[in-house]
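Look at the sequence and the model together. The paragraphs that follow go from the whole chain to single residues.

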Amino acid sequence: MTVHPSPEAFGYEAFLHAHQNKEVLRFIACGSVDDGKSTLIGRLLHDTKQIFDDQISALQRDSRKHGTQGQEVDLALLVDGLQAEREQGITIDVAYRFFSTEKRSFIVADTPGHEQYTRNMATGASTADVAVILVDARQGLTRQTRRHALLVSALGIRRVVLAVNKMDLLGWSQARFDEIVAGFDAFAKGLDFAEVRAIPLSAKNGDNVVLPGAAAPWYTDVPLLAYLEEVPVKSEERAAAFRLPVQWVNRPNSDFRGFSGLITSGSAAPGDKVVIAPSGKTSTIARIFTADGDLSWASEGQSVTLVLADEVDASRGAVIATADAPLTVTDTLDVRLFWASETELAPGASLWAKVGTTTTNAVVKAIRRRIDPETGQAAPAEKLAVNDIGDVTLQLDREIAVDAYRDSRDTGSLILIDRETTDTAALGLIQAPAPKAPVEKETAGDEAKRKSAPSGGFLSRLRWVFGGI
């Protein structure tokens with residue numbers, strides 16, 4: 001059962017159209033261990049009537065076996081699906097849940113609070129528009145709360161909800177709420193958030209989650225769900241420049257050649273001028289082809305095949321971009337790394353780097369500094385240990401096309417892969433990349449010398465170089 005009218009009430013087509021065209025907000029719930037992230041998401045699902053009767057029955061049964069709320073229903077079990085999560089009462093992997101209201105559809109990621117699962121939290125945050133950072137009102141700000149705030153900021157999330165949970169256990173103390181908010185605001189000053197919205201709530205009881213909490217008359221702002229329904233979906237910092245990383249060259253016959261991929265940002269239409277990176281070749285979009293026919297316009301999130309007006313050399317790993325906002329082509333990257341491997345990272349380490357649809361060899365040229373998760377301050381470092389955050393310079397074995405992460409999440413991020421185990425070793429955010437050094441312009445004397453050089457074999461060239469020996 002849902003909060004929406006039945007399809008029969010106004011016709012199936014109108015019902016489907018209304019839901020297909022809703023905005024989708026992606027958000028994460030993060031914070032320290034036992035702050036109530038899974039319970040909060042369970043409460044959102046329950047109070048927006050997204051749970052069917054058979055799910056309620058299963059939840060009641062599971063609560064008696066695995067629940068942590070005594071005789072009451074444990075809403076956290078709606079999200080914690082792994083056996084190990086239920087046995088330990090913690091979140092280990094990222095769990096995605098989908099729900100919808102009349103105003104908007106939502107994809108929420110419940111992320112782990114334990115430090116050892118920080119990489120899973122970063123995975124959930126990498127596609128989110130908003131972060132809900134939970135704080136246990138009794139514990140206040142913890143090391144992991146600060147770590148997650150730092151991760152959220154680094155991953156480009158600019159809107160944050162500081163959800164001060166379990167306020168019912170402190171009698172809804174406004175003084176305690178104000179103290180926590182002031183502490184978080186002081187820490188977040190340098191994290192470049194566009195907005196921090198603080199909400200006192202009780203995920204267990206439902207106060208200020210979907211409905212207002214009558215127990216806190218001093219809080220006059222909206223509940224959490226109302227905020228999520230109105231917050232802008234797209235961050236103002238997201239780049240609008242057109243980008244399509246090529247996944248596949250579509251060549252079914254000699255009369256058709258197109259470049260297939262997902263548009264990661266921006267939009268395009270036939271007639272637009274584009275540049276193919278890293279080659280630098282330019283052309284014009286002749287057609288935007290899909291399985292349902294040609295399009296007159298395509299935008300971010302659509303998978304299409306671009307047919308270009310010119311025969312250009314491009315393959316998987318190339319990026320098609322708008323000609324007036326090209327990517328940077330370089331073989332050296334300055335990257336902020338979230339190191340996830342148990343093996344320490346040191347200069348000279350060799351890994352695979354995957355950037356978009358490109359995979360290349362990468363050597364750690366230098367570790368410039370490590371970021372303190374408590375303060376956000378940087379200090380010189382020689383190595384990075386598991387769950388460390390640091391700034392690293394990578395030397396690639398070829399030039400690739402990239403953006404800075406602040407301009408584009410997709411073409412500005414990478415993962416590092418252990419060459420022996422093939423495990424993901426790190427998530428990387430590309431800092432403002434250094435452009436390729438310009439080629440020195442040939443002088444008139446150099447041109448004359450080049451043109452006079454013989455075109456024969458090795459011996460004739462050798463004689464020319466050494467003056468006719």
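A residue is called buried when its relative accessible area is under 20%, exposed when that area is over 50%, and partly exposed in between, using a 1.4 Å probe and protein chains only. Helices (H or I, at least four residues) and strands (E, at least two) are DSSP runs, numbered from the N terminus. The model is predicted, so local features need pLDDT of at least 70 and side-chain atom pairs count only at pLDDT 80 or more, while totals for chains, interfaces and linings use all residues. Residues are numbered from 1 along each chain as its sequence is written, and side-chain values use heavy atoms, with hydrogens and water left out.

Begin with the whole chain. It has eleven helices and 23 strands, and 48% of its 469 residues count as buried. The chain exposes about 22,900 Å², and carbon and sulfur atoms supply 51% of that area; accessible areas come from the Shrake-Rupley method with a 1.4 Å probe, and for residues only the protein chains shown count as cover. A contact means heavy atoms within 4.5 Å. Of the contacts between residues at least 6 apart in sequence, 70% join residues at least 24 apart.

Next, find helix H3, residues 37-47. How many of its eleven residues are buried? Nine are, so the helix is mostly covered. Among the buried residues are Lys37, Arg43 and Leu44. The elements that cover them include strand S1 (24-31), strand S2 (95-100), strand S3 (105-110), strand S4 (130-136) and helix H9 (224-230). Just after H3, lysine 49 takes a positive phi of about 60°.

Strand S1 also holds valine 24. At 37% relative accessibility, valine 24 counts as partly exposed. Leaving out residues up to four places away in sequence, valine 24 touches Ser105, Ile107, Asp129 and Val233. Valine 24 and aspartate 129 are 105 residues apart along the chain, and their C-alpha atoms are separated by 9.9 Å.

Now turn to the nonpolar cores. A nonpolar core is a set of buried Ala, Val, Leu, Ile, Met, Phe, Trp, Tyr and Cys residues joined through side-chain atoms within 4.5 Å. The largest one has 65 residues, and Phe27, Ile28, Val152 and Phe184 have the most contacts inside it. Strand S4 gives the largest share of this core, six residues. Apart from this core lies another, of 23 residues, among them Val335, Leu337, Trp339 and Ala362.

The last stop is the backbone. Most residues other than glycine have a negative phi, and most peptide bonds are trans. Tryptophan 172 has a positive phi of about 55° although it is not a glycine. Tryptophan 172 is in the loop between strand S5 (159-165) and helix H8 (174-187). Is tryptophan 172 buried or exposed? Its relative accessibility is 9%, so tryptophan 172 counts as buried. Aspartate 192, also not a glycine, has a positive phi of about 65°. Aspartate 192 lies in the loop between H8 and strand S6 (195-200), and counts as exposed because its relative accessibility is 52%. Finally, a cis peptide bond joins alanine 277 and proline 278, with omega about 10°. Proline 278 sits in the loop between strand S11 (273-277) and strand S12 (281-290).
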